[in-house]
Amino acid sequence: MSPLSGSGANPLRDTADRRLPRIAGPSGLVIFGVTGDLSRKKLMPAVYDLANRGLLPPGFSLVGFARREWANEDFAQVVHDAVKEHARTPFREEVWQQLIQGMRFVQGTFDDDDAFERLRSTIEELDKAQGTGGNFAFYLSVPPGAFPVVIQQLKKHGLADQKGGSWRRAVIEKPFGHDLRSAEELNAIVHEVFAPDQVFRIDHYLGKETVQNILALRFANTMFEPIWNRSFVDHVQITMAEDIGIGGRAGYYDGIGAARDVIQNHLLQLLALTAMEEPASFDADALAAEKTKVLGAVRLPKDLGRDTVRGQYAAGWQGGEKAVGYLQEEGIDPKSKTDTYAAIKLEIDNRRWAGVPFYLRTGKRLGRRVTEIAVVFQRAPHSPFDHTATEELGKNAIVIRVQPDEGVTVRFGSKVPGTSMEIRDVSMDFAYGESFTESSPEAYERLILDVLLGDSNLFPRTEEVELSWKILDPIEVYWDQNGKPAQYPAGTWGPVEADEMLERDGRSWRRP
Ligand SMILES: NC(=O)c1ccc[n+]([C@@H]2O[C@H](COP(=O)([O-])OP(=O)(O)OC[C@H]3O[C@@H](n4cnc5c(N)ncnc54)[C@H](OP(=O)(O)O)[C@@H]3O)[C@@H](O)[C@H]2O)c1
């Protein structure tokens with residue numbers, strides 16, 4: 001079980017065996033936007049995988065809400081096809097037959113009051129037929145512009161009310177706003193209807209085993225934490241690189257860009273987990289308090305022209321195939337200034353990290369798909385070796401490989417066998433695939449289960465989301481007012497300006 005599990009109870013009083021699987025109680029899930037890409041590829045398969053692992057209650061119910069004129073049977077067929085295509089675990093007829101008992105479809109648009117009334121009666125019917133006990137989570141897998149109307153409709157039709165000990169929860173997909181102001185406005189709308197403990201904002205990175213493992217690595221061991229500070233660390237690099245372009249998502253991506261899409265949420269959450277102090281417990285409040293504290297201590301560079309870079313992919317080669325440039329992609333404005341690459345340098349104003357830069361970068365059409373956190377250490381303060389002996393020695397590093405090839409690498413110098421003293425970098429590797437027989441659940445399995453259990457550890461809170469926008473907003477404003485994104489050929493590691501940004505600091509990006 002992951003280190004983050006737990007209901008937030010006092011560990012001294014909590015005698016439950018936490019190794020037992022956490023199974024959701026009577027409940028159901030309503031998915032808005034159920035015909036969408038996310039629902040088909042991730043949400044429906046995750047629900048099935050949870051059922052297959054025995055983690056859902058027998059009467060679990062799944063309600064789809066969308067515009068199509070489907071009967072319950074049509075909806076069940078769509079779920080069936082999505083599960084067959086995308087589920088992680090094998091298809092078992094008996095699991096499917098049980099799941100299908102609680103499947104319903106409600107047809108309508110988000111502004112259709114009758115449809116929300118039908119949703120209300122469907123939930124009441126399921127409470128009777130399936131024993132869901134009034135406990136429902138509403139998953140907003142819809143275009144971000146539709147978040148407010150769905151939330152308001154839930155309120156208007158009494159669907160957010162928690163009657164007679166039942167619970168109601170709202171799950172909100174990313175992006176949560178497009179700047180600080182819009183995030184504050186959305187938070188205000190959400191909290192007018194739902195209390196903070198009813199709201200689950202999705203950052204699916206937090207559902208990944210490798211991300212939760214940052215906490216295990218740092219706080220369950222003794223050997224890392226003593227060197228996890230400015231006395232030993234030279235800098236930290238957090239990378240999320242994609243080898244794909246924007247695919248069919250032009251409508252969503254153009255005008256949003258890499259920094260808003262990835263840095264504001266995923267990379268700043270990774271920074272928070274890497275840099276925060278040890279929480280008193282893994283209680284959701286304690287964890288959020290530490291993440292909030294460190295995000296609040298992040299300092300932007302003084303010269304945004306020097307220490308941030310945005311880029312846009314030009315035509316190039318990717319995996320032996322020709323790739324078109326961003327401006328030639330279907331549906332993209334040929335004058336678009338949207339960033340498909342972003343690199344920023346941040347510092348953290350506290351005693352642990354003063355003077356240690358955190359370099360964050362993300363991009364599309366880069367050399368390889370990889371997400372990693374590299375903690376790079378200073379060189380030894382004194383070297384008794386001849387300088388020729390250490391010519392090929394880099395800086396020591398601990399690299400947390402988030403995806404793919406999930407694991408951790410420690411890089412350090414070792415003597416090359418032979419008569420002379422020559423020291424070269426070597427790696428010590430932990431790979432999930434080799435060390436554990438269990439395969440990792442998909443992030444959405446973990447997150448949906450946590451929503452049903454009311455466990456909010458892995459969901460960013462209001463303050464975290466707003467602090468992250470506060471960090472990003474001035475950069476976006478600066479970019480907006482100054483020039484155009486630098487170009488980089490598809491299949492490379494980003495614009496040369498990003499390399500120069502690190503060279504000026506006497507450092508270089510890792511080539512994972
Ligand atoms: N796709 C991903 O991999 C991914 C990853 C991370 C986050 N997200 C987030 O997840 C959410 C959903 O993304 P998606 O890619 O699944 O979007 P999508 O494919 O465009 O699906 C949107 C869904 O919303 C429904 N919808 C839109 N307007 C509606 C209206 N007025 N009334 C009723 N239904 C309406 C659509 O129904 P129709 O079929 O009737 O049009 C469709 O089911 C977004 O917030 C996105 O940012 C997606």
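Mentor: We can start with the domains and then turn to some backbone details.

Mentor: Before that, please keep in mind that this is a predicted model, in which local features need pLDDT of at least 70 and side-chain atom pairs count only at pLDDT 80 or more, while totals for chains, interfaces and linings use all residues. Residues are numbered from 1 along each chain as its sequence is written, and side-chain values use heavy atoms, with hydrogens and water left out.

Trainee: Fine, so which domains is the chain divided into?

Mentor: There is domain 1, covering 3-173, and domain 2, covering 206-503, with bounds that come from an automatic or database domain assignment. Taken over C-alpha atoms, the centres of domain 1 and domain 2 are 32 Å apart.

Trainee: And how many residues of each domain are in contact?

Mentor: Domain 1 contributes 29 residues and domain 2 contributes 23, where contact means heavy atoms within 4.5 Å. The two domains bury about 2,300 Å² between them, with 65% of it on carbon and sulfur atoms; buried area here is the accessible area (1.4 Å probe) that two parts lose on being put together, summed over both.

Trainee: How many salt bridges are there between them?

Mentor: The count between domain 1 and domain 2 is five, a salt bridge being a side-chain nitrogen of Lys or Arg within 4 Å of a carboxyl oxygen of Asp or Glu.

Trainee: Which elements of domain 1 give two or more residues to that side?

Mentor: They are strand 1 (28-32), helix 1 (37-52), strand 4 (136-140) and strand 5 (168-172), where helices (H or I, at least four residues) and strands (E, at least two) are DSSP runs numbered from the N terminus. Helix 1 gives the most, with seven residues.

Trainee: Switching to the backbone, where are the cis peptide bonds to proline?

Mentor: One joins Lys 174 and Pro 175, with omega about 5 degrees, and Pro 175 sits in the loop between strand 5 and helix 6 (180-193). Another joins Gln 403 and Pro 404, with omega about -15 degrees, and Pro 404 belongs to the loop between strand 15 (397-403) and strand 16 (407-415).

Trainee: What about phi of Arg 365?

Mentor: Phi of Arg 365 is near 55 degrees, which is a positive value in a residue other than glycine. Arg 365 is placed in the loop between strand 13 (358-363) and strand 14 (370-377).
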